[in-house]
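Subject: Structure handover

Hi,

Here is the structure I promised to pass on. My notes follow below it.

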Amino acid sequence: MPTIWVYAEIDNGKLDPSSLELATKARELGDVEAVVLGPGATEAAARLGEYGAEIVYASDDQVYADYVAQPHVHALTELIGENAPDMILFAMNYDSRDIAGRLSARLGSTLMSNVLEIESVERAKTAIIGGTIIVDVALEGAPKILLARAKSFVAEPLEGGEATVVPVETTVPEEAKRAKRVERHEEAATGPKLEDAPVVLSGGRGLQGPDNFKHLEDLASAIGNTAVGATRAVVDAGWVPYSYQIGQTGKTVKPSVYIAFGVSGATQHIVGMKGAKRIIAINKDEEAPIFQISDLGVVGDALKIIPQLIEEVKSRKG
Amino acid sequence: MNIAVCVKHIPDPNVPPQMDGKYLKREGIQGVLDPGDEFGVEAGLLLKEAHGGEVTLVSMGPAAAQEAIRRGLSMGADKGVLVTDDTLKGADALVTARVLAAAIKKAGQFDLVVAGVESTDGYTGTMPGSLAELLDLPQVTFAKTIEVTDGTVKVNRQTAEGYHVVECSLPALLTVTAGVNEPRYASFKGIMAAKKKPVETWSVADLGLAGEDVAIKQDVAGQTPAEERKAGEVITDDGSAAKRIADFLQEAKVI
């Protein structure tokens, strides 16, 4: 059986839920082991065990929280040298992208990102051209490094799953302590989390200005259990905080209903929301690519429709 | 300070992409400087204006990728390097990083190597990390703001829930998000001046790379059209669209 590793990201003691999705997928491919580096790692190891990791290499060392990528690559390189896994799975997150890129160069291992499906340790699938073509990719060498977007796989606990925790005892050399995190800022959001909300409303350039996002928030309150997100263009323009961003760099959402207001549908946005069960799009431009993946498309002015929709939802909910 | 900026020539994202057998068609089509890279070029130019030095553009691609370099030069960069070689067709992210690392080493000494967080065509999003490792540089990534003082680079690094302030000593590798600055337009004067700026063209052999260095370890084994989403209905708002959307939400049982 091949050995499949899951690199489980941990931040502020919180395990990235995608690591449980990856561990679940890894069970189909071989023996599952995980690596988790940073404060809270040992505690998180138990949870990875419940999802199928038989061994979890863990270190609670603060160095992994303080410095970007290089300490992790140092530790992973040592562990890989000793244990020779066949494949390492990462989530497509900020820290993991930095670490996986460096690790690929350090090991000379090929890397594939935006993985949608993993058939075996030699074969995986991704989508190109706005998700219209699925490409089957043959991979060589070991270990292969794969990055999958959040929610690509469904996390399912393994009955009786329990991990043996192996402490990672390497000393991170000074030359790996270079890019330092000196401050952390969280933009506290109210209401349900974007990643978990059953309904997501997203706004793009078509909303014309930051003030109009308030109307989206009002609509979200009217519907209830609804989160508001945004496209990269709007985040870049400073209309809403970074935490709103849905897309390649940003969050992946998979709600029951996704409503796009004034969103054109650039590929880097689509990869973050195309897994939604139902998609509604409102855009003035009838040629907007978002209509190609929408269940209901409305050619019209989002700014006009939002207040009408708030009234309509309120009256129907009574 | 001397700055290298990685730039990519990509098929125009406003034109539907075409395939050339297994790969995305890159030759004989309308190409542009990756819009994400314009922010890298602008970041390089702003730092040059504040601290002096030179901006060198580094690219890998077919001969037509010269156009992307010319565009960066017309914005104000000083010179360019293009690595072009038939053996690089279908290169994976690691081979791309090896080629760019070798080209950067050959092109000179740099205080900062700048790249976009991901390309607009392939969006692998890990090449800069590989490049940092190959050049033995620390990496400050996903920058929303950039500040360079006394040999230190400090950025606001975008995260899922906000941002972190990350800093390191130069030399370093920096990746920029699309929101980091407002890329300038090339002036007519800039376009004329760009025609006289030096652009070197190197092959894989010129970089001293061979065999395993440029061995591509992944290949397209097959492709199938994606299962299409159910063809949706598109209506034009005649004042009743809000009602239709509300019906849809009721059918989906979210209200």
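The crossing of α4(A) and α5(A) is right-handed. (A crossing is right-handed if the near helix is turned clockwise from the far one by less than a right angle, and left-handed if anticlockwise.) The helices are residues 70-83 and 94-107 of chain A; their axes come within 9 Å and cross at roughly 45 degrees. That makes α4(A) and α5(A) oblique to each other. Oblique is what remains after roughly parallel (under 35 degrees), roughly antiparallel (over 145) and roughly perpendicular (65 to 115). Axes are lines fitted to C-alpha atoms, for helices over the stretch in contact, with angles from 0 to 180 degrees between N-to-C directions. Helices (H or I, at least four residues) and strands (E, at least two) are DSSP runs, numbered from the N terminus.

A word on conventions. This is a predicted model, where local features need pLDDT of at least 70, side-chain atom pairs count only at pLDDT 80 or more, and totals for chains, interfaces and linings use all residues. Residues are numbered from 1 along each chain as its sequence is written, chains are lettered from A and ligands numbered from 1 in the order in which they are written, and side-chain values use heavy atoms, with hydrogens and water left out.

Helix α9 of chain A (residues 302-317) packs against α6(B) at an angle of about 45 degrees, with the axes 9 Å apart. α9(A) and α6(B) are therefore oblique to each other. Their crossing is right-handed.

Now the salt bridges. The whole structure holds 32 of them over all chains. (The criterion is a side-chain nitrogen of Lys or Arg within 4 Å of a carboxyl oxygen of Asp or Glu.)

Glu133(B) and Arg102(A) meet in one of these, at 2.8 Å from N to O. Glu133(B) sits in helix α4 of chain B (residues 127-134) and Arg102(A) in helix α5 of chain A, so the pair joins two chains. Glu133(B) is buried at 13% relative accessible area. Arg102(A) is buried too, at 1%. (Buried means under 20% relative accessible area, exposed over 50%, partly exposed in between, with a 1.4 Å probe and protein chains only.)

Lys48(B) pairs with Asp78(B), with the closest N and O atoms 3.0 Å apart. Lys48(B) is in helix α1 (residues 35-51) and Asp78(B) in the loop between α2 (66-75) and β7 (79-83) of chain B, so the bridge ties together parts 30 residues apart in sequence. Lys48(B) is partly exposed, at 22%.

Arg244(B) bridges to Glu233(B), the closest N and O atoms being 3.1 Å apart.

Chain B overall: 6 helices and 15 strands. Its C-alpha trace spans about 65 × 45 × 40 Å along its principal axes. Of its 255 residues, 51% are buried.

The peptide bond between Ala142(A) and Pro143(A) is cis, with omega about -10 degrees. Pro143(A) lies in the loop between β9 (133-139) and β10 (144-148) of chain A. Leu170(B) to Pro171(B) is cis as well, with omega near 0 degrees. Pro171(B) lies in the loop between β11 (162-169) and β12 (172-176) of chain B.

Two non-glycine residues have positive phi. Phe142(B) has phi near 55 degrees. It lies in strand β9 of chain B and is buried, at 2%. Lys253(B) has phi near 60 degrees. It follows α6 of chain B and is exposed, at 72%.Last, the surface. Phe188(B), Ile191(B) and Met192(B) form a nonpolar patch with about 310 Å² of accessible area together. (Patches take residues with over 30% relative accessible area and no salt bridge; like charges are joined within 9 Å, nonpolar side chains, namely Val, Leu, Ile, Met, Phe, Trp and Tyr, within 5 Å.) Areas come from the Shrake-Rupley method with a 1.4 Å probe, and for residues only the protein chains shown count as cover. Ile191(B) is in helix α5 of chain B (residues 188-194) and is partly exposed, at 37%.

Best wishes
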